[in-house]
Each structure stands twice: as structure tokens, then as C-alpha cells.
Amino acid sequence: MLLVPAALAVAFLVLPLVALIVRAPWTTLPGALLSAEVGQALRLSLVCATSATVLSMVLGIPLAWVLARAQFPGRRFLRALVTVPLVLPPVVGGVALLLLLGRRGLVGQYLDAWFGVTLPFTTPAVILAETFVAMPFLVIAVEGALRGADRRYEDAAATLGASQSLIFRRVTLPLIAPGVSAGAVLCFARALGEFGATISFAGSFPGVTRTMPIEVYLALETDPPAAIVLSLVLLAVSVVVLVSLRDRWLTGSAA
Amino acid sequence: MTGVPGLAADVRVGREDFSLDVDLAIEPGGVLALLGPNGAGKSTALQALAGLVPLDGGSIALAGRCLDDPRAGVFVPTAERGIGMVFQSYLLFPHLSAVDNVAFGLRAARVPRRQARDQALGWLERMGLAGLADVKPGAMSGGQAQRVALARALAPGPRLLLLDEPLAALDASTKMEVRSELRRHLADFGGCTLLVTHDPLDAMVLADALVVIEDGRVVQRGRTAEVARAPRTDYVARLVGLNLYRGQATGGRIAVDGGGALVTTDPCGGDVFAVFPPSAVVLHRHRPDGSARNCWPGRVAGLEQHADTVRVQIESAPAVLADVTAAAVADLDLTVGASVWAAVKATEIRCYPTVDPGGRRSVPPAGTL
């Protein structure tokens with residue numbers, strides 16, 4: 001009884017990808033990949049997703065530490081707050097970022113008036129939009145790793161005279177490295193595919209804010225074969241991510 | 001408490017269902033063993049000394065410096081206590097090589113990288129592990145890991161070394177070798193050493209003095225040999241392998257609490273403990289005619305093979321443990337349920353008052369062995 005809907009589910013998940021591969025213009029693929037627009041979008045996407053991942057790590061790992069280790073009132077509430085971007089429609093996130101950091105935004109107006117900095121519709125805006133959406137993935141993964149880590153190693157380091165920051169850098173971080181890298185890969189994948197928040201906060205300027213997903217969307221109107229090629233590239237990246245995570249996700253033993 | 005060169009601690013920690021109150025003093029260069037059954041509070045005491053658990057009362061002073069005193073509002077964090085600790089499972093950092101593990105404390109004390117490495121290599125050499133410098137803990141044997149853990153704890157030059165069941169994770173043959181080595185390293189160490197163990201042999205070989213705790217309280221303390229000779233609780237008696245009884249002595253005759261009587265040549269009177277080793281017991285199938293002045297019937301309740309003797313557990317008044325040879329077991333046809341006579345010479349039975357000379361009244365044993 002259950003096998004029929006299960007088979008339907010598999011077909012539903014797999015067939016679109018099959019269609020993508022079947023309909024790919026394989027003969028013109030190399031040329032399309034090397035075209036200026038594709039190259040530009042791909043480069044921009046990689047730069048932004050990488051920057052967003054680095055930013056997420058710099059801010060997210062300490063946040064994960066606070067969530068996992070610190071005892072303070074409202075910790076659960078903070079944790080819920082951090083995970084909001086996971087469920088929030090990304091386009092709403094983009095609008096929210098615009099209202100905060102836009103030229104007339106809560107903070108943006110001062111950035112503009114005091115420093116002459118305007119964020120929206122710039123490459124940094126892409127990075128911020130991607131970070132907003134992707135960082136929770138990293139925070140959740142690292143928090144889990146911290147909770148699972150054996151804290152007695154930290155005690156041992158303390159008996160050897162190590163300060164809190166030294167313990168964190170030389171003991172805790174190396175111990176949770178697998179969890180951090182899993183979180184970073186997830187974060188990168190999410191940032192690379194980001195569309196809604198990016199287009200509403202950063203717009204779509206070729207070479208500046210037009211990342212791969214946006215390029216795919218636009219090309220679908222004007223140059224469908226190019227859209228397919230770009231989609232294939234993103235699919236390839238997803239497969240690489242999946243393969244790199246297979247040990248910890250597909251076997252069901254998250255860090 | 002301050003002004004003492006070694007360790008002076010009155011460790012009081014309260015939990016919902018458990019309270020610990022143990023006072024400890026160790027001279028520089030001294031090795032004190034904290035002995036007790038599981039759940040007696042040994043680990044909690046160790047963690048309190050390390051600053052991993054705060055005191056609820058009492059105080060800890062090391063080399064004249066107060067480390068923890070809740071009444072005075074003093075609490076020195078673990079990292080600033082100048083201690084070294086060997087954990088039961090060693091807790092070597094799995095991502096660091098042996099030499100980096102040993103150098104960790106030196107690096108934390110801001111010793112320059114190269115110098116720290118050289119010193120760490122020196123420690124490994126002293127432990128006989130020179131070839132293991134670049135090996136990660138995952139690839140070490142238990143004995144090797146134990147030595148690296150000791151080197152790591154000693155390298156920064158602590159004033160107090162805490163050993164938490166340092167040999168418990170080793171197999172029997174490695175244990176013997178590592179134990180005698182540990183003894184040598186402890187002899188070279190100028191600071192105070194506190195050894196927590198539930199293995200009496202570790203305590204006898206490694207420590208100068210013993211503190212025995214049960215249920216969070218000190219039940220006996222003294223020089224290792226004294227404690228071994230004159231146990232004051234069932235737990236200690238079992239540890240050192242003696243038959244222990246409590247009773248009322250009048251003119252060399254002891255009426256044992258719980259039934260039976262013993263005759264001793266030791267002069268004693270009043271509330272006393274009486275002890276004798278299981279090897280002093282001679283077993284007979286029938287009532288013997290010999291010169292032993294203590295002789296009573298019983299029934300074999302259990303037989304247990306030890307190294308080269310068989311320990312026979314006998315239900316009688318008083319109950320007794322006897323060590324006999326395997327040949328004797330065969331000769332006497334000793335099986336569980338067999339009736340036997342136990343005989344002990346009066347000269348073998350030692351007797352001492354239950355109130356120890358320090359004025360501390362011992363916890364009465366729960367019953368005879």
C-alpha cells in the first residue's frame with residue numbers, strides 16, 4: 001500500500017533532475033560554460049558564497065559557543081530567534097535587510113549620513129543577504145558539535161594552565177572540526193543557491209549582484225539553453241556538497 | 001591554613017543526596033593516597049582541589065596561597081592553581097602528537113615554541129618514550145598514553161599533582177610495570193602528590209600515607225603500613241586482606257559483636273578491634289587437638305582461587321576468611337556446604353582499641369567479615 005506513493009515520491013524528486021540532464025544542450029555546453037555572462041555569474045557566486053561562509057564562521061562559531069555553553073536567562077528564546085531565518089521566506093529576509101540597512105533604513109541612514117556607505121545593490125549586500133539566510137545552518141551544526149564534544153578535554157587543558165581563549169582555539173575547535181566543516185559546507189551550499197533575499201536586497205546588476213540563481217531565472221526568459229547550463233553547474237555543486245557530507249548525513253550520524 | 005608549604009585542605013562539598021567533608025594535608029615531596037569505595041567522594045575531592053568543582057565550605061591552600069575559601073570569597077580558577085592532573089582516561093588531546101600534548105602546558109605558560117618542544121622531548125625521553133614524539137594518542141598503547149599523560153601533567157612544574165585512578169585503565173601486566181615506574185617519577189617530584197585510587201596495592205606501593213573515606217567522611221588515616229596493619233573498618237580490612245572483628249575485651253578474651261569469642265595474647269581491654277590474616281587460619285575437617293587456642297566450627301560458604309592460594313569463606317561465629325593451599329582444599333575435600341573447624345593461634349590475633357590514639361572515634365564496622 002505504501003510502496004505506490006513512495007515510488008511516486010521518488011519519481012517526483014528525481015525526474016525533474018533527469019529532465020534537466022536529458023534536455024541539456026550537451027554539444028554547445030563547453031562554449032556556453034565559457035561565455036562571459038556565465039563566467040561572470042559563476043565567479044561572483046563563488047566569491048559571495050565563500051565570503052558569506054567565512055563571515056558566518058567568524059560570527060556563527062562564537063554564537064554557537066554561547067548557545068551551547070553559556071547559562072543565561074532567555075537562552076532558549078535566543079536560540080529560537082537564531083533559527084528564524086531557516087523558516088522565514090528568504091524574500092522577506094531581503095526586505096527586512098533593506099529596511100534595516102537601506103538608505104533610509106534604521107541603521108542604513110546613519111551609514112549613509114556618517115560614512116557615505118550605501119549597502120543595497122552592491123556586492124557586499126549580496127554577501128550580507130547570503131549570510132543572513134545561511135548562517136543559521138552553520139550555527140545549528142556547530143552548536144550540536146559543541147554539545148556532543150567531551151568537555152573533560154577542556155578541563156584537562158585548564159589544569160595545564162590554559163586560558164579560556166587558548167582552550168577554545170587549541171582544544172575545543174580542533175575537537176569539533178568535523179562539525180564545523182559540515183556546517184560550513186551546508187552554509188556554503190545554502191549561500192550559493194540564495195535567490196530571494198539577494199534579489200530583494202541587492203538587486204540584479206551584472207557582475208555586481210547578479211549571482212548564478214538570479215542569472216538562471218533571467219536566462220530562462222531570454223536564453224533557455226543558458227539557463228539549463230547554469231542549472232547544471234549548480235546541480236554539480238550540490239552533488240559535490242552531498243558527497244562531501246555523505247559520511248555524516250547519509251549514515252544518520254550527524255556530528 | 002596559609003603559611004604551610006604543602007597542601008592544606010578542608011574539602012567540603014554538598015550535593016542534594018551527598019556531602020563530602022575531608023581534610024587533607026600533604027608535605028612537599030609527599031604522596032598521599034585517597035582510598036575509598038566507588039561513590040565515596042574521591043573524585044569529587046579531586047575535582048574540588050583542581051577547581052573543577054567549587055567548595056561549599058572549608059578551604060584549600062597550596063604553598064601558602066589560598067585557592068578556594070567560600071567564606072572569604074576566594075576562588076582561584078583551575079588554570080591559575082599551579083596543579084597537574086592525570087585523569088583516569090588520560091584525556092590526551094587526540095589531535096595533538098605526544099610531544100605537543102606534553103608541551104601544551106608549557107605553551108600555555110608562554111614558554112617559547114622551540115624551548116617548549118625541547119623540554120617536552122626531554123620529558124618524553126625521561127619516560128622512555130623518545131621514539132613516540134610524533135605519535136598521536138590514538139596510536140599509543142595504554143601504558144604509553146599513561147606515561148604521556150604523566151609527562152604532560154609534570155612538564156609545567158606543578159606544586160600539586162593529582163592522580164585520578166592513574167592505573168585503572170591498564171591491563172594487569174602493564175599495570176605492574178607502570179606502577180613501579182610511577183613510583184620512581186613520584187620520588188623525583190618535589191611537589192605534593194594526591195593519588196586517588198580504589199586499589200590498595202597502588203596505595204601501598206605509591207603512597208607514604210593514606211586517607212580512607214567512606215560516604216564522604218574520613219574513616220581512617222595514617223602511614224600506609226599502620227593502616228594496613230590495623231584497619232578500622234570492614235572496607236579497609238577487606239582492602240588489606242585481613243579478618244577484622246569488633247568486640248569487648250576482658251583479660252585477653254574478646255567477645256565478638258555478633259557472636260563468638262577470640263583469645264589473644266595482645267594486652268587489651270574494653271571496646272576493641274581484633275585482626276588476623278586469612279593465612280593464619282588453619283582448617284580442619286574435625287575438631288583438632290592442636291595447640292591453637294581459638295577453634296570454632298563453621299560451614300564453607302564460598303571458595304575463590306587467588307594467585308597461589310584458595311580463599312575459603314566460612315560461615316561461623318565469628319565468620320572468617322581462610323587462605324589455604326589448593327592441596328589442602330583437595331585433602332580436606334572442601335566444597336561449599338562442607339563443615340569445617342577453623343583454628344587460629346592466640347599469638348596471631350592483634351588487638352587495638354576502637355578509639356584511635358588521635359582521639360578520632362572510628363566509624364564502627366557494619367558487621368564482622
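Trainee: What makes the crossing of α3(A) and α8(A) right-handed?

Mentor: Keep in mind that this is a predicted model. A crossing is called right-handed if the near helix is turned clockwise from the far one by less than a right angle, and α3(A) passes α8(A) in that right-handed way.

Trainee: How do the axes of these two helices lie, and why is α3(A) called oblique to α8(A)?

Mentor: The axes of α3 (residues 36–69) and α8 (residues 123–148), both of chain A, come within 6 Å and cross at roughly 40 degrees.

Trainee: Why is A158(A) called buried?

Mentor: A residue is buried if 20 or more other C-beta atoms lie within 10 Å of its own; A158(A) has 25 of them within that distance, and therefore it is buried.

Trainee: Where does A158(A) sit, and which residues is it in contact with beyond its neighbours within four places in sequence?

Mentor: A158(A) belongs to helix α9 of chain A, which covers residues 152–159. Setting those sequence neighbours aside, its contacts are I167(A), T78(B) and A79(B), where contact requires C-beta atoms within 7 Å. By contrast, the C-alpha atoms of A158(A) and R76(A), which are 82 residues apart along the chain, are separated by 28 Å.

Trainee: How many residues of chain A and of chain B are in contact with each other?

Mentor: In chain A there are 15 such residues, and they are in contact with 17 residues of chain B. On the side of chain A that touches chain B, α9 and α10 (164–175) each supply at least two residues, and the largest share, seven residues, comes from α9(A). By class, that side of chain A holds ten nonpolar, three polar and two charged residues.

Trainee: What makes helix α1 of chain B mostly covered?

Mentor: Helix α1(B) runs over residues 42–50, and seven of its nine residues are buried. Those buried residues are K42(B), T44(B), A45(B), L46(B), A48(B), L49(B) and A50(B). After α1(B) comes G51(B), whose phi is positive, near 85 degrees.

Trainee: How do you know that β12 and β15 of chain B pair, and in which sense?

Mentor: Two strands pair if at least two bridges are found between them, and β12 (residues 243–250) and β15 (residues 270–276) of chain B have seven bridges, in the antiparallel sense. As one example of a bridge, A249(B) has G270(B) in β15(B) as its partner.

Trainee: What is the order of the strands in the open sheet of five, and which are called edge strands?

Mentor: The order in chain B is β14-β13-β12-β15-β21, with antiparallel pairing. The edge strands are β14 (261–263) and β21 (350–353), as each pairs on one side only. On average, neighbouring strands of this sheet are turned by 40 degrees against each other, direction ignored.

Trainee: How many helices and strands does chain B have, and what share of its residues counts as buried?

Mentor: Chain B comes to nine helices and 21 strands, and 43% of its 369 residues count as buried.

Methods:
Residues numbered from 1 in each chain as written. Chains lettered and ligands numbered in written order. Predicted model: local features only at pLDDT ≥ 70, side-chain atom pairs only at ≥ 80, totals over all residues. Buried ≥ 20, exposed ≤ 12 C-beta atoms within 10 Å, placed from the backbone. Contact = placed C-beta atoms within 7 Å. Axes fitted to C-alpha atoms, helices over the stretch in contact; angles between N-to-C directions. Nonpolar A, V, L, I, M, F, W, Y, C, P; charged D, E, K, R; others polar.
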